[in-house]
Amino acid sequence: MSRNLNAAPDTALILSGGGARAAYQVGVLLAIARLLPQHAPNPFPIICGTSAGAINAAGLAMGASQFRHSVFSLARMWQNLNPEQIYHGSMRCLMATGVHWLAALLLGGLGEKNPRSFLDNSPLREFLSGIVDFSQIQRNLDRGSLKAVSISALGYSSGQSVAFFQGVPELESWQRASRIGVRTELNLSHLMASSAIPLVFPAEHINREYFGDGSVRQIAPLSPAIHLGARRVLVIGVAPQSDDGPARQHTNSYPTLAQVSGQLMNSIFLDSLETDLERITRINRTISYIPSVLRDGAGLRPIEVLTISPSQPLEKLTLPFRREFSLGMRFFLGGLGAFRRQGSVLASYLLFCGPYSRKLITLGYRDALEKEAQLRHFLAAD
């Protein structure tokens, strides 16, 4: 039988950040929709998203009463994307931005309007405003299809990782070191803030301060789900997981700017999630050694975690799709070395296009079905 909200109000879905890589998450969700009965209720009453994963989270929360339909809608959105729906990348726009940055440097920042980012993502705001109906989130909370949804962002003034959440009345805000949970009514600004990659996209003003990409300084990506009551968590990552780590390669070539930028991106989007998963595994192992009487008395409980991540590096899939970028972006990224094998990580975060998304969706679908037995157990779909 399939689980519903009444049976498993403590099941959470965590969708990490990763720019264009977030299309991989949709492939995993399509596999889950296939494993569940056709009209099964939403299997994830708690949904937490960060960066581009926040956009997927909002789509699922908006359509929580029709899980399969909402997953199909997300798949159509990603499969029909083109970069100009996310940012202005024409040669003219990039040249204007370059002149603006150069003028700011030469004038020592004395101009009236200094540059805010390398790319203008105003098309993303227009795109999202046409497809996301935030009023549906509260309707799904009221009808019991959803318990909570959170979107994380970084406050540039406070330096805090803020999980903005909308949920049932009994949920409370929280505060920990460098991270807080704030109850609010989610809107487009939260999505724009959470997906504002530092320097690449401009920050978003919410209440008292400007916010940027939620993956930055998010030292505990699983924390919002746990604070919202999760005891079972499905994490969909966007980077392969390996106990051995990547193999070291001997090279005499100096790293390109794209290679350095790609590693910085990885440190923002990937490292904190991997560290938090290691931490919760150690905590679960420690709790298992404590007698159940003492464990219950102290309020300790293990968190069941299932992780699905790519079976191969996603940056290796970008090179055949370089012409999907505009001429201006090809010129800019090519100059940084992003179309070389070691520099393709940067391109994998910015390649918002249908053909690349379809490749990632197919990979996510296949990887999820490789874990079909574990997914069925997790979802109680047998």
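Trainee: Where is Met91 placed?
Mentor: Met91 sits in helix H4. Please keep in mind that this is a predicted model.

Trainee: And is Met91 buried, partly exposed or exposed?
Mentor: Met91 has a relative accessible area of 30%, so it is partly exposed.

Trainee: Which residues form the nonpolar patch on the surface?
Mentor: The patch is formed by Met91, Met95, Leu327 and Phe331. Together they have about 430 Å² of accessible area.

Trainee: Which helices supply at least two residues each of that patch?
Mentor: Those are helix H4, residues 91-106, and helix H12, residues 327-336.

Trainee: Let me change topic to H3. What span should its 13 residues have?
Mentor: Helix H3 covers residues 67-79, and at 1.5 Å a residue it should span 18 Å. The C-alpha atoms at its ends are 18 Å apart, which agrees.

Trainee: Which residues of H3 are buried?
Mentor: The buried residues in H3 are Phe67, Ser70, Val71, Leu74, Ala75, Met77 and Trp78. Seen down the axis of H3, they fall within an arc of 160 degrees, so they line one face of the helix.

Trainee: Why would residues three or four places apart point the same way?
Mentor: An α-helix has 3.6 residues a turn, so residues with that spacing point the same way.

Trainee: What do the buried residues of H3 pack against?
Mentor: They pack against four helices: H1 (23-35), H2 (52-62), H5 (122-131) and H14 (354-370).

Trainee: On to the backbone. What is the phi of Ser178?
Mentor: The phi of Ser178 is near 65 degrees, which is positive although the residue is not glycine. For context, most residues other than glycine have a negative phi. Ser178 lies in the loop between strand S5 (174-176) and strand S6 (179-183), and at 33% relative accessibility it counts as partly exposed.

Trainee: What about Asn207, and where does it lie?
Mentor: Asn207 also has a positive phi, of about 55 degrees, and is not a glycine. It is found in the loop between strand S7 (204-206) and strand S8 (209-213). At 65% relative accessibility, Asn207 counts as exposed.

Trainee: Now the charged pairs. How many salt bridges does a search of the whole structure find?
Mentor: The search finds five. One of them joins Glu315 and Arg21, with the closest N and O atoms 2.8 Å apart. Glu315 lies in the loop between strand S10 (304-308) and H12, and Arg21 in the loop between strand S1 (11-15) and H1, so the pair ties together parts that are 294 residues apart in sequence.

Trainee: Are Glu315 and Arg21 buried or exposed?
Mentor: Both Glu315 and Arg21 are buried.

Trainee: What is the partner of Arg125 in a salt bridge?
Mentor: Arg125 pairs with Glu204, and the closest N and O atoms are 2.6 Å apart. This pair links distant parts of the chain, since Arg125 is in helix H5 and Glu204 in strand S7, 79 residues apart. Arg125 counts as partly exposed at 33% relative accessibility, whereas Glu204 counts as buried at 11%.

Trainee: And how are Arg376 and Glu372 placed in helix H15?
Mentor: They are four residues apart in helix H15, residues 372-379, so about one helical turn separates them. Glu372 is partly exposed, with a relative accessible area of 30%.

Key
Residues are numbered from 1 along each chain as its sequence is written. This is a predicted model: local features need pLDDT of at least 70, side-chain atom pairs count only at pLDDT 80 or more; totals for chains, interfaces and linings use all residues. Side-chain values use heavy atoms; hydrogens and water are left out. Patches are made of residues with over 30% relative accessible area and no salt bridge: like charges are joined within 9 Å, nonpolar side chains (Val, Leu, Ile, Met, Phe, Trp, Tyr) within 5 Å. Accessible areas come from the Shrake-Rupley method with a 1.4 Å probe; for residues, only the protein chains shown count as cover. A salt bridge is a side-chain nitrogen of Lys or Arg within 4 Å of a carboxyl oxygen of Asp or Glu. Buried means under 20% relative accessible area, exposed over 50%, partly exposed in between (1.4 Å probe, protein chains only). The expected span of a helix is 1.5 Å times one less than its number of residues. The arc is that of the directions from the helix axis to the C-beta atoms. Contact means heavy atoms within 4.5 Å.
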